[in-house]
Amino acid sequence: MQWEEKRKYKRAYIRFPVEYRGKSFWQVVQAQDISAGGMFIATNKIELPQTRVEVMFTFGNDEKRLIHAEGVVVWNRPKPKDDGKGNVLPAGMGIMFTKFLPSRSQNFIKDLIEKQGEKND
C-alpha cells in the first residue's frame, strides 16, 4: 500500500503563506500542500516531532476564510533531499491538525479540496 493510499483526507498541492508558531520559532512560511488533516510547510527552521504548533492562514477561492489551527509536528526534513526522480524536496515539517478555530474550518478545507479535485478529474 502506498503512503498516499493511507491518507484519510484528499490533499491539495498548492502553495500559500502561513503564519506559524512553535516552541522555538514564530515565522511566516510557505505551505506546500494541505488537507483537512494537516499540511506540509517548507522552512529551514524546523521543530522536533511531537512539538505543538499553531498556524494561521487564509484559504479558499471565491470565498476566502481566515483559519486558525492547532497541531503537532509528526515528521520533519531538516535539509532539502533529492527524491531520486530529479526533484529536490524542501526542508520542512509535516503538521497534523488537532483543533480548528472555528471548528467548522476543517469541513470547509475538506469540501473545497474535494470540489477542486472534481474540477480537475
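Which side chain meets that of Glu114 in a salt bridge? In this predicted model, in which local features need pLDDT of at least 70, side-chain atom pairs count only at pLDDT 80 or more, and totals for chains, interfaces and linings use all residues, the partner is Lys110, at 3.6 Å from N to O. Residues are numbered from 1 along each chain as its sequence is written, and side-chain values use heavy atoms, with hydrogens and water left out.

A salt bridge here is a side-chain nitrogen of Lys or Arg within 4 Å of a carboxyl oxygen of Asp or Glu, and the count by this rule is four. Glu114 and Lys110 both belong to helix H2, four residues apart, or about one turn of the helix. Helices (H or I, at least four residues) and strands (E, at least two) are DSSP runs numbered from the N terminus. Another salt bridge joins Glu54 and Arg21, with 2.3 Å from N to O. This pair links distant parts of the chain, since Glu54 sits in strand E4 and Arg21 in strand E1, 33 residues apart. Glu54 is partly exposed because its relative accessibility is 25%, and Arg21 is also partly exposed, at 42%; the class lies between buried (under 20% relative accessible area) and exposed (over 50%), using a 1.4 Å probe and protein chains only.

E1 runs antiparallel to E2, to which six bridges join it, and the two form a hairpin with four residues between them. Three bridges join E1 to E4, again antiparallel; strands pair if DSSP finds at least two bridges between them.

The interior comes next. In soluble globular proteins, nonpolar side chains tend to be buried together. Beyond its neighbours within four places in sequence, Val55 is in contact (heavy atoms within 4.5 Å) with residues including Val18, Tyr20, Met39 and Phe97.

Thr43 lies in the loop between strands E3 and E4. Thr43 counts as buried because its relative accessibility is 8%.
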